[in-house]
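Me: Hi! Could you help me read this structure step by step?

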Amino acid sequence: MRELPADAGRPMGPPRVVPYRFDLSALVRRSVASLYSHLVTRPTGQALRYGIERQIADLGAPCLSVLDFSEVVVLDYSCADETVAKLIQRYRREDRPADAYLIARGVGERHRDMIEAVLARHGLALVAEVDGVGFTLLGELPALEREVWAAVERLAMASAADVATLVDAPEDALAAALDSLASHRVVLRRDEPVPVYCSLTSLLMAG
Amino acid sequence: MNVIHLPGSLEERTFDQLVQALAGRGEGRALFDARRVHWVDPYGMLALLAVGEVAGRGGERPLLQLPESAEVTSYLARMGFFEHAAELFELHGPRRRAGEGGHSDVLLEITPVRSHADVHAVVDRVNERAQAILTRQLDYPSREAFQFSVILSEVCQNIVEHSGAHGWVATQTYNWARRLGRKVVVIAVMDLGVGFRGSLSGEHAARYGDRWSDAVALEAAFIHGLTRFRDPGRGQGLQQIRKLVGRWGGKVSIRSGTARIAQVPDWDDAPPMEERLAPFPGAQICIVLPARAEGAA
């Protein structure tokens, strides 16, 4: 990736979204009948997902939902599939119930394999703050899309032309990569005269 | 009376002898003679419960003549074997209480699995103990040791989600000094439900036609991640277990119906697939995780 030009990035502010944090460990205690300390089994994952969906629906506004894994000790594949993969799928669909974006925080090494496995299984992606790594893009996306995502992260808000200042690729390829990232909902697209894309982490910080 | 003599060593390698003897028994009440049993692991214990339940179906409870070895009966007591066996067998011979025979080094006693709540209970109970054993005794890095609970959770969920019956799980650490020169953790999970073929038949049998069998069903689930559900998110558990256990140089085998499939490490000589075994209901899973070899990454 190239160096960031001094005037890179967009002058206008980011769009308004409501950041909303879900402490998954606490939420599972509210969402399922028993007090479970680990995120295991499909019914637990389903209960958790329904709880998150309900709260997103109650907000009634575009929202950036933070899935906080920091208190989660054990996360199994079944629960990760129900909580993470199916939640992302639900808000990726055209008929999504709300305009929600998801971001994960507190992801440790003990969670990462499970999250990456379910993302790969469904061809999904997720922005996550991973212990010792910082914000990164999880999921099996092509190298160019990963590079473009990193560029948007640096710029906070960017068009394809802005990204071209950092990534050496034809502008139409960059535009396609940005649209793919937007369709994965790992960046937020704004349809201005020229489409611009916002990084989820910048929206998180702005909130 | 049908007397079935148990092998001296009750473990995965001798399970087929037991099933063969059960299949070949005549009419009348069965007596399982365990007097000469000098070694038993979690798989062997669950196997004994399973054959006891099958032998008692539709007839009188079988008899179980307990091992003469005090060491074995003491271990059976620590694993909670007798309380489960008493429901399935008429027990004879010396029994010990769990407190006798010193401090318990059991990782997970025989635990029934009937519901998702039981799976939570297993993970709650075993996670901290497993962390300590895997990191301190088997030299697993902490992030990998956490996955032990994930493995347990997924194999136990297999019973609840697919077998249509109850099952059991048990796990223990051993020093396989002669066999491997290292410590191992053995996980055994068994049920007496519909088996892999029964679970998958409705959704997948037609596609395989005449080739459909226990072996094909096992391969479909274990290698290709097929399940009876159309949800593509299903079926990850066994596949991920296979990958994890492979990464750790361990062994995983699943016997169901008349076949057994295994992922075999270089320290074991089991065949990757066995067919035409004596029929037995449900699924019997054995996972062996060896201590990290010196110099392992």
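Predicted model: local features only at pLDDT ≥ 70, side-chain atom pairs only at ≥ 80, totals over all residues.

Residues are numbered from 1 along each chain as its sequence is written, chains are lettered from A and ligands numbered from 1 in the order in which they are written, and side-chain values use heavy atoms, with hydrogens and water left out.

Me: How many residues of chain A are in contact with chain B?

Reply: Good place to start! Contact means heavy atoms within 4.5 Å. By that rule, 27 residues of chain B are in contact with chain A, and the number on the chain A side is 25.

Me: Which residue of chain A forms a salt bridge with B:R247?

Reply: A salt bridge needs a side-chain nitrogen of Lys or Arg within 4 Å of a carboxyl oxygen of Asp or Glu. There are 2 salt bridges between chain A and chain B. With the closest N and O atoms 3.3 Å apart, the partner of B:R247 is A:D113.

Me: How many residues apart in sequence are the parts that B:R29 and B:E90 tie together?

Reply: These two form a salt bridge, with their closest N and O atoms 2.5 Å apart. B:R29 lies in the loop between helix 1 and strand 3 of chain B and B:E90 in strand 6 of chain B, so the pair ties together parts whose separation in sequence is 61 residues. Helices (H or I, at least four residues) and strands (E, at least two) are DSSP runs, numbered from the N terminus.
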